[in-house]
Amino acid sequence: MIELKGVYKEYASPETTQAVPVLSGIDLAIDAGSSVAVVGPSGCGKSTLLNLIGALDTPTKGQVILDAQDLSRLDDRSQSQLRNQKVGFIFQMHHLLPQLTVLENVLVPTLANKHADRAKDTVRAKSLLEQVGLQDVTAHLPSQLSGGQRQRVAVARALINQPKVLLADEPTGALDQATAEQISDLLVEIHKTQGVTLVMVTHAKSLAARMDKLYTLDKGRLVPSAENRKLKTEN
Ligand SMILES: Nc1ncnc2c1ncn2[C@@H]1O[C@H](COP(=O)(O)OP(=O)(O)OP(=O)(O)O)[C@@H](O)[C@H]1O
Ligand SMILES: [Mg+2]
């Protein structure tokens, strides 16, 4: 479903003329329907990696293949189309639009669909909001929600276009322990029941342990971790 071949990413540094390498030769294959956690210290390039997989950014070198499509061969428009149709993003800071209601926020990704059926989309949005336990606050604004509720809106929004791939960047990072566990349970359940391919960046060991595979990003490279199997059998 997802394949990275020799992916490099460097950024221009504001301080020096030298480019700063962030990812230095990433090879990764993720099967359809499986789940992967990526861990590593702050600044090691985890968000950069997710952004490349989700066609939000382009590598300096190498290939990213998403659902059999080589992203480097697509123009900007086709890339955003692919992203919109196949990828759901959950960001660390939910990124909800403050002036829109909960229901409207969930519907935002459908606005780019040319042949959208508004009535059908609304029914689906309401059903997703029910799945994440927010059926009673659909007319609220994000400012009228708790942090955990906002993150649940973000989960529903990520799923509205029935993506094949769900990318989650520290989805529980801004939440207290109990709320983080609720969101973790929700994501694991969605992964299991909807067969979506899940790639997650997280600092939460317990959540990482629930994914099929665990990688550590270290000095620009991905190191598979044996720890996951151990953690899994301990659970
Ligand atoms: N647009 C950019 N321009 C220049 N440098 C950038 C840019 N985006 C990220 N970087 C640098 O790339 C490195 C990796 O950033 P990234 O956001 O991927 O880290 P991260 O692993 O997600 O960290 P965190 O856990 O804190 O979210 C950092 O050193 C950062 O300063
Ligand atoms: Mg990050």
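**Fold, strand pairing and backbone features of the predicted chain**

Among contacts in the protein chain (heavy atoms within 4.5 Å) between residues at least 6 apart in sequence, 68% link residues at least 24 apart. The model is predicted, so local features need pLDDT of at least 70 and side-chain atom pairs count only at pLDDT 80 or more, while totals for chains, interfaces and linings use all residues. Residues are numbered from 1 along each chain as its sequence is written, chains are lettered from A and ligands numbered from 1 in the order in which they are written, and side-chain values use heavy atoms, with hydrogens and water left out.

The protein chain contains eight helices and ten strands; these are DSSP runs numbered from the N terminus, with helices being H or I of at least four residues and strands E of at least two. The radius of gyration of the protein chain, taken over C-alpha atoms, is 18 Å, close to the 18 Å from the globule rule for 235 residues, so the chain is as compact as a globular protein of that length. The globule rule is 2.2 Å times the number of residues to the power 0.38. Along the principal axes, the C-alpha atoms fill a box of roughly 50 × 45 × 35 Å.

Of the 235 residues, 46% count as buried, where buried means under 20% relative accessible area, exposed over 50% and partly exposed in between (1.4 Å probe, protein chains only). The accessible surface of the protein chain is about 12,100 Å², and carbon and sulfur atoms account for 49% of that surface. Accessible areas come from the Shrake-Rupley method with a 1.4 Å probe; for residues, only the protein chains shown count as cover.

An open sheet is formed by four strands in the order β2-β1-β4-β5, with antiparallel pairing; two strands pair if DSSP finds at least two bridges between them. At the edges lie β2 (19-30) and β5 (69-70), each of which pairs on one side only. β1 and β2 are antiparallel and share nine bridges, and a hairpin connects β1 to β2 through six residues. Tyrosine 11 has valine 20 in β2 as its bridge partner. Strand β1 (residues 2-12) is also joined to strand β4 (residues 61-66), by five bridges in the antiparallel sense. In β4, isoleucine 2 has leucine 66 as bridge partner, and leucine 4 has valine 64.

A parallel pairing is found between β6 and strand β7 (residues 165-169), over four bridges. Phenylalanine 89 has leucine 167 in β7 as its bridge partner. From strand β6 (residues 87-90), Val87 and Phe89 point one way and Gly88 and Ile90 the other way, and all are buried.

Helix α1 (residues 46-53) is mostly covered, with six of its eight residues buried. Its buried residues are Lys46, Thr48, Leu49, Leu50, Leu52 and Ile53. Alanine 55, which follows α1, has a positive phi near 60 degrees.

Most residues other than glycine have a negative phi. Aspartate 67, in the loop between β4 and β5, has a positive phi near 50 degrees. Aspartate 67 is buried, at a relative accessible area of 18%. Lysine 219 is not a glycine, yet has a positive phi of about 50 degrees. Lysine 219 lies in the loop between β9 (213-218) and β10 (221-224) and counts as exposed, at 72% relative accessibility.
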